[in-house]
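Please look over the sequence and the model, then read the notes below by topic.

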Amino acid sequence: VHRRKKLSCDPEYVNKAHKEGRFLSPPVSGRPSSSCVFVVRKDQDIYIQTLRKLFNESHGIFIGLQRSEEEFAGKSRKTQLVQVSKNYRSVIRACMEDMHQAAVSARDPALHSQYSTQVSILSAMELIWNLCEILFVEAAVAGPLLLRLLDWVRLHVCDVDNMVREVLSSENPSKHELFWNVVDVFVLQGRMDEARHLLSKEASANPTSVNMCRILDDLMKKMPVPSLGNTQTLTEMELKWQHWHEECQRYLQDGTFASNSHMESICKILLGDENAILEKKELMTTWYHFLVTRLLYSHPTVKPMELRFYAQSSMDLFLGGESSPEPLDTILMAAFEFELHQVIKECSIALSNWWFVAHLTDLLDHCKLLQSHNLYFGSNMREFLLLEYASGLFSHYSLWQLGVDYFDHCPEYGRVYLELHIERIPLNTEQKALKVLRICEQRQMHEQVRSICKIMAMKALRNNRLGSALSWSIRAKDAAFATLISDRFLKDYCEKGCFSDLDLIDNLGPSMLLSDRLTFLGKYREFHRLYGEKRFSEAAKLLLMLMTAHIAPCSFWMTLLTDALPLLEQKEVIFSAEQTYELMRCLEDLTAGKSDKQKFQDDDVETMKVEMLRLALARNLARVIVKEGTLEGS
């Protein structure tokens with residue numbers, strides 16, 4: 001079977017004080033610490049570039065799990081959950097291997113140390129997750145349980161591949177100084193076929209040990225192992241194992257291996273002799289390897305609920321009072337004791353981010369293992385941890401988009417958290433603002449939609465981008481702001497004699513009804529379009545309507561009347577007598593109001609405009625009277 005390269009787990013990765021100060025930047029040298037500015041981040045790990053794969057790929061697994069909840073039931077549901085768990089572990093391992101490569105290629109010692117630390121953390125995460133998968137997700141029963149634990153140990157502990165290659169590549173493997181170490185490791189991990197293969201090397205090289213090798217090989221070959229299927233009952237397995245155990249005992253008592261201490265030691269291990277197994281302590285490196293080896297050779301049909309007793313005694317025997325348990329040991333022990341909540345609590349304290357506990361708790365919740373555990377403030381543990389993880393994602397410039405989906409799957413407080421966090425996203429570009437806006441619109445977050453649009457409208461206005469500002473204010477349905485921007489458009493027109501952003505104004509459609517000033521802007525632009533198309537009669541009617549219906553602001557009346565001058569001077573009469581009288585009335589109303597305020601007292605240009613308008617109106621009226629009189633006479 002092809003085995004992937006394994007990375008050993010370093011239990012020294014944990015820093016218990018991470019919650020108190022791991023996010024604080026170091027003090028500036030040469031200055032008192034009281035004057036320092038500290039950079040505080042909610043979740044430091046999300047800024048590590050090589051961990052992006054972990055966050056992005058696990059997001060897809062998480063979403064798939066939420067959507068498939070109703071699709072499976074019974075055994076198929078359990079199979080699916082185990083597969084989801086394996087998918088999470090594969091992402092952790094892929095990320096771990098990427099980090100390992102980064103550590104190898106890093107030239108900066110500080111960077112190398114950082115990557116190596118992350119490798120240890122990821123390795124520990126996979127170790128814990130794999131054990132939880134066996135005990136809680138798959139819920140392996142007596143028999144298959146030991147096989148799963150053996151696979152767990154082989155995958156995570158004591159990487160002997162280099163040692164094996166070194167021994168097998170030597171000229172005389174059985175004479176290599178590490179030969180018996182490799183055989184011992186294979187036996188300790190239950191890898192009997194590989195151990196027998198190495199023993200055959202010893203038999204070939206040393207004729208005197210052929211008989212011992214043959215007997216030991218036969219014992220290894222006969223060793224009963226639990227079945228993954230239903231091919232044998234536990235009782236049958238225990239009977240076979242008892243007969244085999246007695247045979248091993250007989251050979252040992254007969255002194256069959258007395259002349260070879262290595263083979264005698266292996267026979268004692270096969271008998272489950274704790275002292276013999278503990279002599280190989282350096283090859284096992286961890287107490288949980290010792291636990292699995294001990295179970296393999298003394299109690300292969302161990303039941304899940306018996307694990308706690310064997311785990312505690314194995315740790316005590318292995319450590320022997322020489323050292324105290326590390327945080328990783330505490331977490332694994334809690335798992336062996338089936339203290340699920342303690343596992344989650346210890347992981348929350350020990351690990352440097354919320355990713356692990358959030359996703360593991362969600363998976364366990366789908367396994368219906370956390371249903372009875374509600375927190376005192378109303379939310380359950382799954383939701384609390386997902387909220388914390390998603391909140392951390394929102395502090396990142398791009399990963400916040402993943403956080404949205406996590407909030408969506410928190411039924412109690414997810415909506416509230418999303419509303420609070422989405423308002424704090426810096427809207428650096430219109431593209432980002434549109435992305436945030438789309439998220440809010442899809443979730444009917446109307447207040448946030450208005451807020452985003454107002455912010456972007458104000459930014460555009462400050463940058464004198466009137467078209468963009470008007471578009472955002474229309475989207476926000478903010479009549480007051482739309483009026484303000486419309487006034488700016490009109491002011492710019494008065495100063496420059498032309499409109500900017502014609503495409504936007506020409507296609508306002510029903511949006512122009514948002515405010516009177518926006519309606520006027522749209523209609524005034526329509527007047528210019530009609531005039532440009534030489535549809536003078538329609539243009540004249542629209543211009544008069546804008547004034548008589550009081551849609552146009554009074555401050556703009558002079559501009560409208562000035563726009564009427566070219567129509568009044570056309571060869572063909574455009575304005576009827578009634579329309580001309582209306583224009584005259586508007587002009588008199590304007591000049592009467594202005595004279596009260598003495599607006600035109602020293603303004604020769606305005607005075608000249610008024611005189612020209614009066615003259616043009618009088619002339620147009622005369623032409624209309626003559627024309628209408630001629631028509632009546634005929």
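In helix H14, Trp 287, Tyr 288 and Leu 291 are in contact with Leu 328, Asp 329, Leu 332, Met 333 and Phe 336 of helix H16; contact means heavy atoms within 4.5 Å. Helices (H or I, at least four residues) and strands (E, at least two) are DSSP runs, numbered from the N terminus. The model is predicted: local features need pLDDT of at least 70 and side-chain atom pairs count only at pLDDT 80 or more, while totals for chains, interfaces and linings use all residues. Residues are numbered from 1 along each chain as its sequence is written, and side-chain values use heavy atoms, leaving out hydrogens and water.

**H14 and H16**

- The contact of H14 with H16 has 7 nonpolar residues, no polar ones and 1 charged; Ala, Val, Leu, Ile, Met, Phe, Trp, Tyr, Cys and Pro count as nonpolar, Asp, Glu, Lys and Arg as charged, and the others, Gly among them, as polar.
- H14 covers residues 287–298 and H16 residues 327–336; their axes lie 11 Å apart, at an angle of about 30 degrees.
- That angle makes H14 roughly parallel to H16 (angles under 35 degrees count as roughly parallel, over 145 as roughly antiparallel, 65 to 115 as roughly perpendicular and the rest as oblique).
- Axes are lines fitted to C-alpha atoms, for helices over the stretch in contact, and angles run from 0 to 180 degrees between N-to-C directions.

**Thr 301**

- Thr 301 sits in the loop between H14 and helix H15 (307–319).
- Thr 301 counts as buried because its relative accessibility is 3%; buried means under 20% relative accessible area, exposed over 50%, partly exposed in between (1.4 Å probe, protein chains only).
- Leaving aside residues up to four places away in sequence, Thr 301 touches Ala 142, Gly 143, Leu 234, Met 237 and Glu 238.
- From C-alpha to C-alpha, Thr 301 is 8.1 Å from Leu 145, although the two are 156 residues apart in sequence.

**H28 and H29**

- The axes of H28 (residues 536–548) and H29 (residues 557–568) come within 11 Å and cross at roughly 160 degrees, so the two helices are roughly antiparallel.
- Phe 536, Ala 540, Leu 543, Leu 546 and Met 547 in H28 meet residues of H29 including Trp 557, Leu 560 and Asp 563.
- By class, this contact of H28 with H29 has 10 nonpolar, no polar and 1 charged residues.

**Whole chain**

- The chain has 31 helices and 0 strands.
- Of its 634 residues, 49% are buried.
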